[in-house]
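The tour moves from a group of rings to a side chain and then to a sheet.

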Amino acid sequence: KLLLFGAIEGDAADVVIVVRGPSENIMVRRKERFSGIWINRHKFVFGAVPAFYRLASTRDLEAVASNRILARHGIGLDHIRMIQPKGENGDLSAFRDALIRGKQRLGLYPETNGQITLLGNRLFRSDIFFPSNVPTGTYSVTVYLMRDGKVISAQTTPLNVSKIGVGARVFAFAHRHSALYGVAALAMALFAGWFAGAVFKRG
């Protein structure tokens, strides 16, 4: 859980917080029935896709700004910035929607916006929750200050997400010594199989 807080300068305004990152390339496939079997017939690769996308706002986005303004700044699930491959618009739209639905099933693109609490019309705070399966890497936290449907100020802060503890040590060992890690994993699997067989044999 990440606690974000800050202060608004000037008159009362809306605050929108967007957490993105890190970027990755994702291939989206569509299966079709061919000669009685299902096969992958079409695929598109989307680039610079944020692995995680979380949004919080003081009010519903529809009440904060128009779709044109939201799209210009990449605010909202409908306006996530990514590099789209070449193709017919209808196909790309369907594949893009499938990509977002897949992220939502993993809990990486929450469907509901987080809440931002205003304290005295000047101070604000919000809790951003990260699921346990978020990838490590550098994220960006952008805070937009919006008034009369326009973005009057924006500030982006980098956020580094990394593993700690035993999980971090195992992760680092597996990447630095992949061959040795594979041998150790195989040995443990063989031992577990032998141990389970011995226990059941005694029973």
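Select Phe52, Phe130 and Tyr139: ring pairs link these residues into a cluster. Rings of Phe, Tyr and Trp (its six-membered ring) count as a pair if their centres lie within 6.5 Å; planes under 30 degrees apart are stacked, over 60 edge-to-face and the rest tilted. The model is a predicted one, where local features need pLDDT of at least 70, side-chain atom pairs count only at pLDDT 80 or more, and totals for chains, interfaces and linings use all residues. Residues are numbered from 1 along each chain as its sequence is written, and side-chain values use heavy atoms, with hydrogens and water left out.

The structure holds 5 aromatic pairs. One of them, Phe52 with Tyr139, is edge-to-face, at 6.1 Å centre to centre and 65 degrees between the planes. This pair links distant parts of the chain, 87 residues apart: Phe52 is in strand β3 (residues 37-57) and Tyr139 in strand β7 (residues 137-147). Helices (H or I, at least four residues) and strands (E, at least two) are DSSP runs, numbered from the N terminus. Both Phe52 and Tyr139 are buried (under 20% relative accessible area; exposed is over 50%, partly exposed in between; 1.4 Å probe, protein chains only).

Next, select Lys103 in helix α3 (residues 89-105). Is Lys103 buried or exposed? Lys103 is buried, because its relative accessible area is 7%. Leaving out residues up to four places away in sequence, Lys103 touches Glu24, Ile26, Pro50, Ala51, Leu108 and Tyr109 (heavy atoms within 4.5 Å).

Finally, show the open sheet of 3 strands, ordered β1-β6-β5 with antiparallel pairing (pairing takes at least two DSSP bridges between two strands). Its edge strands, β1 (2-7) and β5 (117-119), each pair on one side only. Between β1 and strand β6 (residues 123-128) there are 6 bridges; Leu4 has Ser126 in β6 as its bridge partner.
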